[in-house]
Amino acid sequence: MAGGARIYLFGYLSHDFFGRVIVTPDDQTVGRLAEQLRAWSWEPERPGPFTVTNEAGEVLDPSRTLAGAGLGNGDIFTVSTEG
């Protein structure tokens, strides 16, 4: 892992029943984090676009860094896929 400070997050997928704890640099993008979570799912090949939201339900810009999107230690995010 290269980059910024390490943070831990709790990630969920809309079509999966497992939550995952992820430790990652805070300068990683929201989109890259979502892609990684999707790769670990029961259906990693599931097609279609995705939306990432924080625990308040706000949609996060996939091009922003985690720190820039306001995610920090212990935060929850959800990746919702369409398809």
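# Close-up views of a predicted sheet and helix

**View 1. Strands S1 and S5 lie side by side.** S1 and S5 form a parallel pair joined by 4 bridges. Two strands count as paired if DSSP finds at least two bridges between them. In this pair, Phe 10 stands opposite Ile 76 of S5. The model is predicted: local features need pLDDT of at least 70, side-chain atom pairs count only at pLDDT 80 or more, and totals for chains, interfaces and linings use all residues. Residues are numbered from 1 along each chain as its sequence is written, and side-chain values use heavy atoms, with hydrogens and water left out.

**View 2. The whole chain holds 1 helix and 5 strands.** Helices (H or I, at least four residues) and strands (E, at least two) are DSSP runs, numbered from the N terminus. Starting at the N terminus, the order of elements is β-β-α-β-β-β. The radius of gyration is 12 Å, close to the 12 Å of the globule rule for 83 residues, so the chain is as compact as a globular protein of that length. That radius is taken over C-alpha atoms, and the rule is 2.2 Å times the number of residues to the power 0.38. Along the principal axes, the C-alpha trace spans about 35 × 25 × 20 Å.

**View 3. The 5 strands build an open sheet.** Their order is S2-S1-S5-S3-S4, and the pairing is mixed. Strands S2 (19-25) and S4 (59-60) stand at the edges. Each has a single partner strand, so one side of each is left without a neighbour in the sheet. Strand S3 (residues 50-54) pairs with strand S5 (residues 76-81) in the antiparallel sense, over 5 bridges. There, Asn 54 has Phe 77 of S5 as its bridge partner.

**View 4. A hairpin links S1 to S2.** Phe 10 stands opposite Val 21 in S2.

**View 5. Side chains alternate along strand S1 (residues 6-13).** Which residues point to the buried face? They are Ile 7, Leu 9, Gly 11 and Leu 13. Buried means under 20% relative accessible area, exposed over 50%, and partly exposed in between (1.4 Å probe, protein chains only). Across the 83 residues of the chain, 34% count as buried.

**View 6. Tyr 8 and Phe 10 bring their rings together as a pair.** The structure holds 1 aromatic pair. The ring centres of Tyr 8 and Phe 10 are 5.9 Å apart and the planes stand at 90°, so the pair is edge-to-face. Rings of Phe, Tyr and Trp (its six-membered ring) pair if their centres lie within 6.5 Å; planes under 30 degrees apart count as stacked, over 60 as edge-to-face and the rest as tilted. Tyr 8 is partly exposed, at 38% relative accessible area. Phe 10 is partly exposed too, at 28%.

**View 7. Glu 35 and Arg 32 form a salt bridge.** The structure holds 1 such bridge. The term means a side-chain nitrogen of Lys or Arg within 4 Å of a carboxyl oxygen of Asp or Glu. Here the closest N and O atoms are 4.0 Å apart. Both residues sit in helix H1 (residues 30-39). They are 3 residues apart, so about one helical turn separates them. Glu 35 is partly exposed, with a relative accessible area of 43%. Arg 32 is partly exposed at 39%.
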